[in-house]
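Here is a short tour of a protein chain for anyone who likes to connect residues to their surroundings. Have the viewer open as you read.

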Amino acid sequence: MKRSLWLLIMMFIFVIGLIGCSSGTLQMAVGQQPNTIDPLVTTATATAYAAKPIFESLLTINENYEIEPMLAESYEVSDDAKTITFKLREGIKFHNGQEMTADDVLASMNRWVEMSGFASSALANPRFEKVDDTTVALQMDEPSTIALYIVADTNQLAAIMPKDIVESAEATGVTEYIGTGPFKFVEWKTDQYIHYAKFEDYQPRTEPASGLAGEKLALVDEIFWNFVDDESTRLSGLISGDYDISLGISHDNVKQVESTDGLVPEIWTYGMELLVFNKKQGLFTDVRMRQAVNMALDKEAILLASFGDEQFFELEHGLYQPHMTDWYSDAGADLYNPKDIEGAKALLEEAGYNGEEVVILTSRQYPHYYNAAVATQQQLENIGMNVTLDIYDWATLLDRRSDPELWDIFFTGWDTQIIPHQYGFLDSENEWPGWTNNAEIDRLLDEIGRAENQDEAKALMHELQTEFWNDLPVINLGLFNNTDAYNEKVKGFKNFVGPVLWNVSIEE
């Protein structure tokens, strides 16, 4: 009798434990509906975010943007850095119940090489080969230190899918969304939601969770990814309890979130706020003019005008954030925010500036860019420059900035990238508006890609950032933050390269 009672008590505790480990439905409100959830078809943020719960790659990044294995059990780089061998985790299942094999990985990775413009351009003739049933290798004609980062990148994620799904993919993407992630795709109702469910056979890694790496647990049974394009509706739905998490809350509404019982703001670093110079024609083809602008600007005052509160920005000169230990450099810190009005005037005179009009292209649709433009106009007028704001809707601005005859300066943001080659404003071969043409930066990017190890690559990054602050293809005004919000009953939610929904639970 006592033994039976004891067994009943233990079974009860076990059942309660299971309920506590995974229960409930998480309701998300997001601003944009993706065109597809296939991450190889597009670099759109909406797709990358929606694909994250479903798909995984061989490698990923931790909170310091360092490389860690995910579907690879381990990896080894050859002495000549031309071959990377990946030992695959065994017993990993796809959402359709099939076990992941080297053939699936081979098909997925070769499709990735074919579809990822960045992988094919940054690596020398990359191709994947099957070594044995649990091993694949990336072969390249030239050594590459950045290859690991490219494989781990979340931009056009190198998602591992079943071979038959890959081989039946159409030009618009795969026809079934089947991955190995902690949540599986259930349904997509156009203009309404994407529905995910916990994948019961998911095999998490055992390392501590960090960034996108380590242990990933599905602690809720279902996720509804609701499309709500109006920000005020996302916020009101969060307040009313219709949504547990709302992505994309304006800075103006953070105080309302903070003052509402049960709601919590999630403020996270997006990337850099940039002032972009037209270097193809006009005044700013002269580096002294660019240096004069940098010397005149009070970066803190511009960021405060842009975002209204110090909690939404950070003064930071680096192209990488300090915790990103593989790439961060202090080079250029002395040139970041000199606020030297007389020095700026002297440079203008040296460059022969004679009151020519400076056109700043801007849009009120992005208030922080517009506010930065207004503050910059005022500061440049203080050193005697003739500055005009040319104001358009954002779509028109994007069209006009492709014509170098129409502008001198515009503002934009750039999210944090995994390697310096992804900053399009650095690369002379990239026709991104601004038209950088700097042979020294090009040389350094090339040498970083061929460095023998990460220490050498980081030293070259220090040189690159020094040249960046001397040549000023753009001005990094500093880091700025985006804001989400969630109900306090949601535990474990964070934003790291988009929302992270594993290891997230709901307290009932």
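## A buried isoleucine

A residue counts as buried when its relative accessible area is under 20%. Ile302 has a relative accessibility of 0%, so Ile302 is buried. Please keep in mind that this is a predicted model.

Where does Ile302 lie? Ile302 is part of helix α10, which covers residues 299-307. Leaving aside residues up to four places away in sequence, Ile302 touches Leu297, Ala372, Ala375, Thr376, Gln379 and Leu477. Tyr369 is 67 residues from Ile302 in sequence, while their C-alpha atoms are 10.0 Å apart in space.

Which residues of α10 are buried? They are Lys299, Ile302, Leu303, Ser306 and Phe307. These residues lie on the same side of α10, because they cover an arc of only 110° around the axis. In general, an α-helix has 3.6 residues a turn, so residues three or four places apart point the same way.

The buried residues of α10 pack against several elements: the strands β12 (263-277), β13 (313-314) and β17 (474-487), along with the helices α9, α11 (333-336) and α13 (367-381). At the start of α10, a side-chain oxygen of Asp298 comes to within 3.2 Å of the backbone nitrogen of Glu300. Just after α10 comes Gly308, with a positive phi of about 80°.

## Helix α9

Helix α9 spans residues 287-296, and its buried residues are Met289, Arg290, Ala292, Val293, Asn294 and Ala296. The start of α9 has a contact of its own: a side-chain oxygen of Asp286 reaches to within 2.8 Å of the backbone nitrogen of Arg288.

## Two positive phi values

Most residues other than glycine have a negative phi. Ala81 is not a glycine, yet its phi is positive, near 60°. Ala81 sits in the loop between β4 (72-77) and β5 (83-88). With a relative accessible area of 10%, Ala81 is buried.

Leu472 also deserves a look: this residue is not a glycine either, and its phi is positive at about 55°. The loop that holds Leu472 runs between α16 (454-471) and β17. Is Leu472 buried or exposed? Leu472 counts as buried, because its relative accessibility is 1%.

## The whole protein

Stepping back, the secondary structure comes to 16 helices and 21 strands. The radius of gyration is 25 Å, close to the 23 Å that the globule rule gives for 508 residues, so the protein is as compact as a globular protein of that length. Along the principal axes, the C-alpha atoms fill a box of roughly 95 × 60 × 40 Å.

Of the 508 residues, 53% are buried. Among contacts with a separation of 6 or more, 71% join residues 24 or more positions apart. The protein exposes about 21600 Å², and carbon and sulfur atoms supply 46% of that area.

The average pLDDT of the protein is 94, and 96% of the residues score at least 70. Residues 1-21 have a pLDDT below 50, and this stretch has two contacts in the model beyond near neighbours in sequence. Where pLDDT is low, the predicted coordinates should not be read in detail.

Notes:
Residues are numbered from 1 along each chain as its sequence is written. Side-chain values use heavy atoms; hydrogens and water are left out. Helices (H or I, at least four residues) and strands (E, at least two) are DSSP runs, numbered from the N terminus. Buried means under 20% relative accessible area, exposed over 50%, partly exposed in between (1.4 Å probe, protein chains only). Contact means heavy atoms within 4.5 Å. pLDDT is the predictor's confidence in each residue, from 0 to 100. A polar contact is a pair of N or O atoms within 3.5 Å; within protein, one must be able to donate a hydrogen and the other to accept it, and residues adjacent in sequence count only if both atoms are side-chain atoms. The radius of gyration is taken over C-alpha atoms; the globule rule is 2.2 Å times the number of residues to the power 0.38. Accessible areas come from the Shrake-Rupley method with a 1.4 Å probe; for residues, only the protein chains shown count as cover. The arc is that of the directions from the helix axis to the C-beta atoms.
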